[in-house]
Amino acid sequence: MEGRAVPPGPYRATRLWNEITTSFRAGMPLRKHRQHFKKYGNCFTAEEAVDWLYDLLRNNNNFGPEVTRQQTLQLLRKFLKNHVIEDIKGRWGSENLDDNSQLFRFPANSPLKSLPRRHPELRKNSIENFSKDKDSIFKLRNLSRRTPKKLGLHFSQENTEKMNHEIIHEDQENSVDNREISREDVEEVWRSVILLYLQTILGVPSLEEVVNPKQVVPQYVMYNVTNTSKHGIVILQDKSDDLPHWVLSAMKCLANWPRSNDLNNPTYVGFERDVFRTIADYFLDLPEPLLTFEYYELFVSILGLLQPHLERVAIDALQLCCLLLPPPNRRKLQLLMRMISRMSQNVDMPPLHDAMGTRSLMIHTFSRCVLCCAEEVDLDELLATRLVSFLMDHHQEILQVPSYLQTAVDKHLDYLRKGYIKNPGDGLIVPLPTYSYCRQISAQEFDEQKVSTSQAAITELLENIIKNKSLPLKEKRKKLKQFQKEYPLIYQKRFPTMESEAVLFADKPTIKQPMLILKKPKFRSLRY
């Protein structure tokens, strides 16, 4: 039921949709049902489908335990709309499905979504602006000199001059012949370095399918790195882009509850719920999600790293991606994550919902205002829930500035200066360093580890079936027989003899003893 993790890459939401629909079609139990005095074969009720799919999603590595039953029902409605399922009379195309005994079935062929192809011109531009190979070379001469539009961002003159002074004029005293670097050069280096690190961390051959390098605004990255408070929160020079004062006050009130609730604040019952609704209404009314529409594919692709053994990789990747955001968006995200994280851990916080815990309420209230697609995507809500849950747990690391980024930029700018001295007419070609997160192993070692890991997982599955006390004995026998057929060697290793297999079912009596034994009466003849 755990399912394989869909790796990062382009159109991950579509690939996840195809995997879930395939798993649902292959695994959903079908049986006979009676409705209106008529029998129907190979079908299932809506309630049965919700039960099965809910269990699948919660145990699937791509979604996790934060999935709710209501979200599962919404996904089933998407299945009906897209003809993954149909009602017992062959009707589909609507979302008319409730958690009840209505009968549904699979059509002859459930359609899979095709992966869209990007525009050839966009692909060409992406290749020209960013290398497809992480071991390739860094050619600064061919980089674009155009400055992206600032989109109303006001930079601090003091911080900008300080940064330029530190980066550009660091070693001019040592070499009077060093070439002076323009602001456009600095911006292109920031853009290229952060994209290179992101590509290396994700371990993908190219980023062109998940982000267009031209979308990356280096001024945003530079601003997010240099204009921060002592707590790492972005400081905006233009206060009109900041959260309204009344929203900030409401967020501070709940984040610091009950310390912030002094005698001057209202004390009526339900006050904290009203404050929470005020905050939620503001964020839900924003014109676009905090992670922006244009970076939807990028953040969704990272969701495939959200596994326990890849947690560090996911944190590092999200750390860089959040630096790409416009500074007002990054500041709102920082303050929101800090508030909901504190609220979910606050044992003194009164219940904010009658049927939902504080953590679940935070995730399901704010997920859509953090991540969603400009065009409706069927798995939007599930994907956003998964990401917001991870952001809540790791927001302190994800939303801080990595120290290595500034060091890498300084180093590349130094290469640029010294390279122009050596080759004034040909430009600069500097080899990029490669970064590794684990020891490289041989192909033979990889195959051995793959086999041993797979066998360990299958063996664990067998043990789970054996130790599952809630599983009826008849169902357990059926599953073990199926397992023996699929994995005979592993089964034989666990049950080498028939006696060892019989021990598992020894506690069940072969013949049910009668509760009461009555003596058979003797019939006498009527004749004397």
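Which strands does helix H2 lie across, and at about what angle does H2 run to S2? In this predicted model, H2 lies across S1, S2 and S4, and its direction is at about 25° to that of S2.

## The chain as a whole

The protein chain contains 19 helices and 6 strands. Of its 528 residues, 45% are buried, where buried means under 20% relative accessible area.

Among contacts in the protein chain with a separation of 6 or more, 71% are between residues 24 or more positions apart. The accessible surface of the chain is about 30600 Å², and carbon and sulfur atoms account for 52% of that area.

## The four-stranded sheet

Four strands form an open sheet in the order S1-S2-S4-S3, with antiparallel pairing.

S1 and S2 run antiparallel and are joined by 4 bridges. Within this pair, Arg34 stands opposite Lys39 in S2. The two strands form a hairpin with 2 residues between them, and here His36 takes a positive phi near 55°.

Strand S2 (residues 38-45) is also joined to S4, by 2 bridges, and these strands run antiparallel. Phe44 stands opposite Phe104 in S4, while Thr45 has Leu103 in S4 as its bridge partner.

## Helix H3 and what covers it

Helix H3 spans residues 69-81, a run of 13 residues. From its first C-alpha to its last it reaches 19 Å, close to the 18 Å expected at 1.5 Å a residue.

The buried residues of H3 are Gln71, Thr72, Leu73, Leu75, Leu76, Arg77, Lys78, Phe79 and Leu80. An α-helix has 3.6 residues a turn, so residues three or four places apart point the same way.

Which elements cover the buried residues of H3? The cover includes two strands of the sheet, S3 (86-87) and S4 (103-105). It also includes helix H1 (12-27) and helix H2 (46-58), as well as helix H13 (358-370) and helix H14 (380-398).

Just after H3, His83 takes a positive phi of about 65°.

Conventions
Residues numbered from 1 in each chain as written. Predicted model: local features only at pLDDT ≥ 70, side-chain atom pairs only at ≥ 80, totals over all residues. Heavy atoms only, no water. Expected span 1.5 Å × (residues − 1). Buried < 20%, exposed > 50% of the residue type's maximum accessible area, 1.4 Å probe, protein only. Contact = heavy atoms within 4.5 Å. Areas by Shrake-Rupley, 256 points an atom, 1.4 Å probe, with all protein chains shown as cover. Pairing = 2+ DSSP bridges. Axes fitted to C-alpha atoms, helices over the stretch in contact; angles between N-to-C directions.
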